Amino acid sequence: MTRANLRLPADHPSVEGHFPGDPIVPGAVLLDEILAALERSHGRRASAWAVKSAKFLHPVRPGDELEIEFTVAPGGDVRFQCRIGAVEVVTGLARSKEAA
């Protein structure tokens, strides 16, 4: 298992208008950032991975600090779990495009 930390700045352009007065980080942005963290921790380009599944369990707000855990599953897929403190916010599975 490997870990990474992620914090999207409060002024990240993706949150403008998403949603006014109650901003949340869009799921697509979170997945892009998770794949970038996977690249940094596993040494394979983010574009070499595809998200096979993802479940969004709790909103992520701009400025939240996420801890991401990556676990290699049988067959080479990588499971990811993201938490803000003790709250699980995103889980999923990434697969190497070479294995797809």
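Predicted model: local features only at pLDDT ≥ 70, side-chain atom pairs only at ≥ 80, totals over all residues.
R3 lies in strand β1 (residues 2-7) and E67 in strand β3 (residues 65-72), so the pair ties together parts that are 64 residues apart in sequence. R3 is exposed, with a relative accessible area of 52%, whereas E67 counts as partly exposed at 28%. R3 and E67 also belong to a network of salt bridges that includes E69 and R83.

A salt bridge also joins the side chains of R7 and E65, with an N to O distance of 2.7 Å; this pair links distant parts of the chain, R7 being in strand β1 and E65 in strand β3, 58 residues apart. E65 counts as partly exposed, at 34% relative accessibility.

D77 forms a salt bridge with R95, and their closest N and O atoms are 3.0 Å apart. Because D77 lies in the loop between β3 and β4 and R95 in strand β5 (residues 87-96), the pair ties together parts that are 18 residues apart in sequence. D77 is buried, with a relative accessible area of 6%, while R95 is partly exposed at 26%.

## Charge and overall fold

The structure holds 7 salt bridges, and the protein chain has 12 positive and 13 negative side chains, the centres of the two sets lying 8 Å apart.

From the N terminus, the elements run β-α-β-β-β-β. The radius of gyration of the protein chain is 13 Å, which agrees with the value near 13 Å for a compact globule of 100 residues, and 37% of the residues count as buried.

Conventions: Residues numbered from 1 in each chain as written. Heavy atoms only, no water. Helix = DSSP H or I, 4+ residues; strand = E, 2+ residues; numbered from the N terminus. Rg over C-alpha atoms; globule rule 2.2 N^0.38 Å. Buried < 20%, exposed > 50% of the residue type's maximum accessible area, 1.4 Å probe, protein only. Lys, Arg positive; Asp, Glu negative; His and termini not counted. Charge placed at Lys NZ, Arg CZ, Asp CG, Glu CD. Salt bridge = Lys/Arg side-chain N within 4 Å of Asp/Glu carboxyl O.
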